[in-house]
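Work through the exercises below with the model open. Try each task before reading its solution.

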Amino acid sequence: MITLRMTAGGMARTRLALSPVAEVTVWLWLLVLGRRHPLFGDVGPVARSVLCHRDVALVASTLSRGYAPDLLTPAPTLGRALSVLDDQLDKISGAAQEAIAEQVGHIACYSGQVATTVRDAVDAGTFGRRAANGLRVFWRHVLADGWGSLQDSMEADLAGRTRTMADHGLSALLGSLHPDIRWTGESLRIALGGHEENVTLGTRELVLSPSVLNWPNVALQVCGKDSAVINYPATGLVANRRRDPGVLARLYGDTRAGLLADLDRACSTAELSVRHDIAPSTVSYHLRVLHQAGLVIRRREGHYVLYQRNPS
């Protein structure tokens, strides 16, 4: 049980916000651990193909079964989701070397060792910059195209939570986040993996952030000097959605899903551009990602390159 003791000053600084980088990190974490999401299933071949990128692999090497460095998921600021993502990645890139060394050192407590590539990046002073780039690359190839649907779910949750706080107060909001989170009137008690810890937040802000990709779990980070973050599962998500054939399209985006569905016969980029009313450069980008993931095959026929869904 984790007990977060709150003061009046801390409660006054409690706020709600989306954390795009937390969604990116948890999807990469599922890939590293070889787990399936309860709603979306397998992380997918696109995610596995991007793991070959050296900076994505660097971040992946820091994610162990029981620990991920808090510096990878800085507290989100207020603003539009994509500007918040840029701000979070800037914070990762500019993280203090002392904080990086300390948090990377904790990895050994959970996995027994720290990867040589990670140690080398920390020693060279490049870890923050490369970790931010790795998360950006993973975001761009794996989640960016379907971000709108994920964001819609999280913003719907935020709207409901905001109404709860406006109508019934902060205590009602804190008591409604998750069955494993209980508000006592002066502290939050969070049942989290058998850990026992008492933390006094003091005047630090508490950021409450809904998550889709970490559903149905709760995640907590309290190491920051200025803020603590609770990632709770967004409402409105139900387990039987995994049987909905459109759920992967909502995760990865209608564009790639639509192109893939249309490739039962070989097509050129120009043909797909006209049929889907998408710029040729955009079609080429998505086809390249699908090809790298092994979902489509391509062959040259005269002056044209034709793409087709991989039958295997």
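**Exercise 1. Aromatic pairs**

Task: How many aromatic pairs does the rule give?

Solution. Take ring centres within 6.5 Å for Phe, Tyr and Trp (its six-membered ring); planes under 30 degrees apart are stacked, over 60 edge-to-face, the rest tilted. The count comes to two aromatic pairs. Trp 27 and Phe 40 make an edge-to-face pair, with 6.4 Å between centres and 80 degrees between planes. This pair links distant parts of the chain: Trp 27 sits in helix α2 (residues 20-33), Phe 40 in the loop between α2 and α3 (45-50), 13 residues apart. Helices (H or I, at least four residues) and strands (E, at least two) are DSSP runs, numbered from the N terminus. Next, check burial: under 20% relative accessible area is buried, over 50% exposed, in between partly exposed (1.4 Å probe, protein chains only). Trp 27 is buried at 0%. Phe 40 is buried at 5%. Trp 139 and Trp 147 are also an edge-to-face pair, at 5.2 Å centre to centre and 65 degrees between the planes. Trp 139 has a relative accessible area of 10% and is buried. Trp 147 is buried at 5%.

The model is predicted: local features need pLDDT of at least 70, side-chain atom pairs need 80 or more, and totals for chains, interfaces and linings use all residues. Residues are numbered from 1 along each chain as its sequence is written, and side-chain values use heavy atoms, without hydrogens or water.

**Exercise 2. An open sheet**

Task: In what order do the four strands of the open sheet lie?

Solution. Strands pair if DSSP finds at least two bridges between them. The order is β3-β4-β1-β5, with mixed pairing. β3 (181-183) and β5 (197-202) are at the edges with a single partner strand each, so one side of each lacks a neighbour in the sheet. From one strand to the next, the twist averages 20 degrees. Now take one pairing. Strand β1 (residues 2-6) runs parallel to β5 over five bridges. Ile 2 has Glu 197 as its bridge partner in β5.

**Exercise 3. Two helices**

Task: At roughly what angle do the axes of α5 and α8 cross?

Solution. Two packed helices are described by the angle and the distance between their axes. Axes are lines fitted to C-alpha atoms, for helices over the stretch in contact; angles run from 0 to 180 degrees between N-to-C directions. Helix α5 (residues 81-93) and helix α8 (residues 127-143) have axes that come within 7 Å and cross at roughly 150 degrees. The two are therefore roughly antiparallel (under 35 degrees is roughly parallel, over 145 roughly antiparallel, 65 to 115 roughly perpendicular, the rest oblique). Contact means heavy atoms within 4.5 Å. Residues of α5 in this contact include Leu 82, Leu 85 and Leu 89; among those of α8 are Ala 131, Leu 135 and Trp 139.

**Exercise 4. Around Ser 268**

Task: Which residue in β11 is the bridge partner of Ser 268?

Solution. Ser 268 lies in strand β9 (residues 267-268). Ser 268 is buried, at 10% relative accessibility. Beyond neighbours within four places in sequence, Ser 268 contacts Tyr 304, Val 305 and Leu 306. β9 pairs antiparallel with strand β11 (residues 304-309) over two bridges. The partner of Ser 268 is Leu 306. Leu 306 is also the bridge partner of Arg 299. Strand β10 (residues 296-301) and β11 run antiparallel, joined by six bridges. They form a hairpin with two residues between them, and Gly 302 in the turn has a positive phi of about 65 degrees.
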